[in-house]
Amino acid sequence: MKTYKYPFYDQSNCIRIGNLLDDMWQVHKYFHEWQRQRYKDDLLYANYNAMDAHFKVLKRTTHPHWHLLPSQAVQQELMRIDKAYDRFFKKLGGRPKIKKQHKFKSITYPGSAGWSLKNNRLTLTFRKWNPKTRKWQFDRIPYTFHKHRQWHGTISQVTIKRDSCGNYWLCLTTTYKDFRPLPTTGKSVGADFGMKDAYLTLSTGEKIQHPQPLKHSLNELRSLNKALSRKVKGSNGWWRCVRQIARLYRKISNQRKDFHWQLASKLCKKFDTIVLETLNLDGMKRLWGRKVSDLAFYQFVEILRYKCGKHKRLLKEIDQWTATTKPCSACGFHNENLTLKDRQWTCPECGSYHDRDINAAINILRAGIAVT
Ligand SMILES: [Zn+2]
């Protein structure tokens, strides 16, 4: 499965999508509250079929306006609720939460009903009340989007998203499997994540710095937040400011993602096997705070994992309990006196001079190869 994301062009029809999302949120809220009430009344949990039946009853009786919602998307939303509760009962997740209206951001059309794509134009099927015939009828609304790349494979579902900047996105999920192996290079590499000297230290001795986009935009972010606090909550100026902050956060996240994709791509081109150390992210967050979130190690590992699958590379992760910092990579001597402060050290056994991170990267590579 591969998902392609396209921005909708700014068009007045987008209001319909926004309204649809808000209406779908009503369904979301109603059914979560319904399940909670049932639980309080000592009733059995209502599964997807029961919810769907209840939805049909509501449409006929108290909620006739729900006729205008696309039924496939409603079914998908009910399935989402069912899945959340299923996970909860199996103790895989916490109690399902009711989202706030502005946090309800996407609707999904599974299969091929409710939408059509022709000549790079998306048509969504809404419903409207016809007072003459006194019936609900289909209302097909066309949308244009910026098609910056061609999609491959057949589309299995369509998701429409709204982000916190107020923009709308079209996500096409296709059956296409992106598999383009790169020629083998016969090289392996160990990589050590770091906070201090470099983001990534390779066993080849290369040090890669992180652009740290959040750090660079921090002043701008602070002044925007100050401006926001001066404004009357809910006023036009306040909303403008909220959007501005959301756009800045989106920019930061895009800059970070761009760097991660490029770095992953570079590593995959150069090496056949990449060995990483599993990180203790919670412990690091406690120690370093915001910087860990800005560096986003986990996101990078996820991207690298995807890239390795696509380019037929081997990604290995050694567990965090393997000693990598203290042993000397030349003779294997354990330097127990090493502290976090020592960036460079000389091995008392064999006398070789080490850079702390490069030494660790070499050890990681060795440990990764030893597993196979
Ligand atoms: Zn040594």
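The classes I use are roughly parallel for angles under 35 degrees, roughly antiparallel over 145, roughly perpendicular from 65 to 115, and oblique for the rest. My helices (H or I, at least four residues) and strands (E, at least two) are DSSP runs, numbered from the N terminus.

Before going on, I noted that this is a predicted model, where local features need pLDDT of at least 70, side-chain atom pairs count only at pLDDT 80 or more, and totals for chains, interfaces and linings use all residues. Residues are numbered from 1 along each chain as its sequence is written.

**Entry 1: helix 6 with helix 9**

I looked up the geometry: the axes of helix 6 (residues 236–270) and helix 9 (residues 297–310) come within 9 Å and cross at roughly 45°. Axes here are lines fitted to C-alpha atoms, for helices over the stretch in contact, and angles run from 0 to 180 degrees between N-to-C directions. Helix 6 passes helix 9 in a right-handed crossing. For handedness, a crossing is left-handed if the near helix is turned anticlockwise from the far one by less than a right angle, and right-handed if clockwise.

Which residues of helix 6 and helix 9 meet? I found H260, W261, A264, S265, L267 and C268 in helix 6 against Q299, F300, I303, L304, K307 and C308 in helix 9. Contact means that the C-beta atoms of two residues, placed from the backbone, lie within 7 Å. I sorted the residues of this contact into 8 nonpolar, 3 polar and 1 charged. Ala, Val, Leu, Ile, Met, Phe, Trp, Tyr, Cys and Pro count as nonpolar, Asp, Glu, Lys and Arg as charged, and the others, Gly among them, as polar.

**Entry 2: helix 5 with helix 6**

Helix 6 has another contact to record, with helix 5 (residues 218–230): their axes come within 9 Å and cross at roughly 160°. Helix 5 and helix 6 are therefore roughly antiparallel to each other, and the crossing is left-handed. From helix 5 I listed E220, L221, L224, N225, A227 and L228, and from helix 6 W238, C241, V242, Q244, I245 and L248. This contact divides into 9 nonpolar, 2 polar and 1 charged.

**Entry 3: helix 1 with helix 3**

I then turned to helix 1 (residues 14–40) and helix 3 (residues 71–89), which pack at an angle of about 35° with their axes 10 Å apart. Their crossing is right-handed. Helix 1 brings M24, V27, H28, F31, H32 and Q35 to the contact, and helix 3 brings A73, V74, E77, L78, I81 and Y85. I have 8 nonpolar, 3 polar and 1 charged here.

Two strands pair if DSSP finds at least two bridges between them. Strand 1 pairs with strand 7 (residues 168–174) over 6 bridges, and K5 stands opposite C171 in strand 7.

**Entry 4: two hairpins**

Strand 3 (residues 115–118) and strand 4 (residues 121–130) are antiparallel over 4 bridges, with W115 partnered by L124. Their hairpin has 2 residues between the strands, and N119 takes a positive phi near 50°. Strand 4 also pairs with strand 5 (residues 135–144), antiparallel over 10 bridges, where L122 has Y143 as its bridge partner. That hairpin has 4 residues between the strands, and R134 takes a positive phi near 55°.

Strand 8 (residues 188–193) and strand 9 (residues 200–202) run antiparallel, joined by 3 bridges, and A191 stands opposite L202.

**Entry 5: domains**

Lastly, I noted domain 1 (2–174) and domain 2 (188–212 + 256–371), with bounds from an automatic or database domain assignment. Their C-alpha centres lie 42 Å apart.
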